[in-house]
Amino acid sequence: MAVGERKTYHHGDLRLKLIEGAIALIQEGQISQLSLREVARRIGVSHNAPYRHFPDKEALLAAVAEQGFQSLRAELEASLENTSDNSSQRLAAIGIAYVHFALQHPAHYRVMFNTCNSHIQENTALFSASKQAFEVLLQVIHSGQAKNSFRAGDTVKMAQVAWSLVHGQAMLAIDGKLPVNEAFEEFLEFSSQMLIIGLGCEN
């Protein structure tokens, strides 16, 4: 591309390219260092171009997070497609899929749970995407309770306990504080079984 030449995108493509550019930059550095100007430079458009879709950096990060939650939901649902109706196996499947998602998409994952999104409920689209991802877990636990595989109780609180476990594992793993080696999958299986025992599943 010649000096001064700019890439052009169709209106619908620019938003996606901006999100992809943001993710690439996040993978290389800190979220706090991200700027719309730098994203524009990265994808080769004018520094004013991002404002067609995002009023500020926080809006762009919210879009990255929204995309992340949508992908997470798809990964969780996919993990259930080839899993039996056994409640314990289904809970283990989505828990392991959750950690794998974080490892495969660390940039997305960091943005999804970054403090920039502390006001997530104020962003309707982002809140909806995060809620839909969490509802996959809720449904698995609710179904297990209906089958008397999981103990009776507050389904939301039980889901929060399960989410806390895998979220902690995911963060430790992508921060390099939990070794991702040949024993990692065995550890995920073991921790899933500990959770299942704690929720009072039937064997």
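I take the axis of a helix as a line fitted to its C-alpha atoms over the stretch in contact, with angles running from 0 to 180 degrees between N-to-C directions. The model I am reading is a predicted one.

Entry one, α6 and α7. I looked up how helix α6 lies against helix α7 (residues 155-174), and found that their axes come within 9 Å and cross at roughly 120 degrees. That angle makes α6 oblique to α7, and I noted the crossing of the two as right-handed. I then listed the residues that meet: from α6 they are F134, L137, L138, I141, H142 and Q145, and from α7 they are T155, V156, M158, A159, Q160, A162 and W163.

Entry two, α4 and α6. Turning to helix α4 (residues 87-104) and helix α6 (residues 124-146), I found axes that come within 9 Å and cross at roughly 165 degrees. Angles over 145 degrees count as roughly antiparallel, and α4 and α6 are therefore roughly antiparallel to each other. I recorded the crossing of α4 and α6 as left-handed. On the α4 side the contact is made by S87, R90, L91 and I94, which meet V136, L137, V140, I141 and G144 in α6. The residues of this contact divide into six nonpolar, two polar and one charged.

Terms used: Residues numbered from 1 in each chain as written. Predicted model: local features only at pLDDT ≥ 70, side-chain atom pairs only at ≥ 80, totals over all residues. Heavy atoms only, no water. Helix = DSSP H or I, 4+ residues; strand = E, 2+ residues; numbered from the N terminus. Parallel < 35°, antiparallel > 145°, perpendicular 65-115°, else oblique. Left-handed = near helix turned anticlockwise from the far one by under 90°. Contact = heavy atoms within 4.5 Å. Nonpolar A, V, L, I, M, F, W, Y, C, P; charged D, E, K, R; others polar.
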